[in-house]
Amino acid sequence: YDFATNVCLADWESGEEDNLPCPGSKNDEDGFVLFLTNPDLENRQENEPALFTHPDYDDSGWISGEYPAIKINDDDHFMGWVGCLDDSKNCDVTFRLKYQIGNDPVQTLGEWDEVYDGDVTKLDIDLSALDGEKVKFILEVEVNGGKPSKANAFWFVPRIED
């Protein structure tokens, strides 16, 4: 499952807006999500897709995208990279990967703090504990300091693969 190409199947919201448009508009202070085909990451130029997820412009701003439920198999993994886009000095954000099964409480699979420092974080999360379940995944980014206007966060090739 490719989260980037399915970006607009998700319901996107922020601390300022319950229904963000998808795709959004760059520099929308209510927050936005964009599909990037050739993203400039903080440590390299890429030619595969990324999600540019920008929280609302507030010191405690956030953005969240809830995807439709998909069935998970025993050997599935959530894969990808997270970090800040190039030229985003003062980017300081927290990424969270969450999930929900049916109407059960939302659970967190992982949380990663990222700053603009030339390093990105590779994700490889074993989903075998969710085998056979129909799962809604939630991608979330929250301002963690720095300048909210520079919270230029990316999810590079976010996907589920076996």
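**Close-up views of an all-strand chain**

Asp87 sits in the loop between β6 and β7. Everything shown here comes from a predicted model, in which local features need pLDDT of at least 70, side-chain atom pairs count only at pLDDT 80 or more, and totals for chains, interfaces and linings use all residues. Residues are numbered from 1 along each chain as its sequence is written, and side-chain values use heavy atoms, with hydrogens and water left out.

**View 1. The β6–β7 loop holds Asp87, Asn90 and Cys91.** Let us stay with Asp87, which has a positive phi of about 60° although it is not a glycine. Asn90 is found in the loop between β6 and β7, and its phi is also positive, about 75°. For background, most residues other than glycine have a negative phi. At 53% relative accessibility Asp87 counts as exposed, while Asn90, at 47%, counts as partly exposed. (Buried means under 20% relative accessible area, exposed over 50%, and partly exposed in between, using a 1.4 Å probe and protein chains only.) Strands are DSSP runs of E with at least two residues, helices are runs of H or I with at least four, and both are numbered from the N terminus.

**View 2. Cys91 is a buried residue of a loop.** Cys91 belongs to the loop between β6 (77–84) and β7, and its relative accessibility is 2%. Which residues does Cys91 contact, leaving aside neighbours within four places in sequence? They are Cys84, Glu114, Val115, Tyr116, Lys150, Ala151 and Asn152. (Contact means heavy atoms within 4.5 Å.) Cys91 and Pro148 are 57 residues apart in sequence, and their C-alpha atoms are 7.6 Å apart in space.

**View 3. Gly146 lies in the loop between β10 and β11 (153–161).** Leaving aside neighbours within four places in sequence, Gly146 is in contact with Asn90 and Asp92. Trp81 is 65 residues from Gly146 along the chain, and 21 Å separates their C-alpha atoms.

**View 4. Ser64 is buried in strand β4.** The relative accessibility of Ser64 is 7%. Not counting residues up to four places away in sequence, Ser64 touches Asp11, Trp12, Glu13, Ile138, Leu139 and Glu140. Leu97 is 33 residues from Ser64 along the chain, with 9.8 Å between the two C-alpha atoms.

**View 5. Lys136 and Glu66 meet in a salt bridge.** The N to O distance between these side chains is 3.7 Å. (A salt bridge is a side-chain nitrogen of Lys or Arg within 4 Å of a carboxyl oxygen of Asp or Glu.) Lys136 is in strand β10 (residues 134–143) and Glu66 in strand β4 (residues 62–66), so the pair ties together parts that are 70 residues apart in sequence. Glu66 is partly exposed, with a relative accessible area of 28%.

**View 6. Arg96 and Glu111 form a salt bridge at 2.8 Å, N to O.** The pair links distant parts of the chain, with Arg96 in strand β7 (residues 92–101) and Glu111 in strand β8 (residues 107–115), 15 residues apart. Salt bridges that share partners join Arg96, Lys98, Glu111, Glu140 and Glu142 into one network.

**View 7. Glu46 and Arg44 pair through a salt bridge at 2.5 Å, N to O.** Here Glu46 counts as buried, at 14% relative accessibility. Arg44 is partly exposed, with a relative accessible area of 28%. A search of the whole structure finds seven salt bridges.

**View 8. A cis peptide bond joins Cys22 and Pro23.** The omega angle of this bond is about -5°. Pro23 lies in the loop between β1 (11–14) and β2 (32–36).

**View 9. The whole chain puts the close-ups in context.** The protein chain has zero helices and 11 strands. Of its 162 residues, 46% count as buried. Along its principal axes, the C-alpha trace spans about 40 × 30 × 25 Å. Residues 24 or more positions apart account for 74% of the contacts with a separation of 6 or more.
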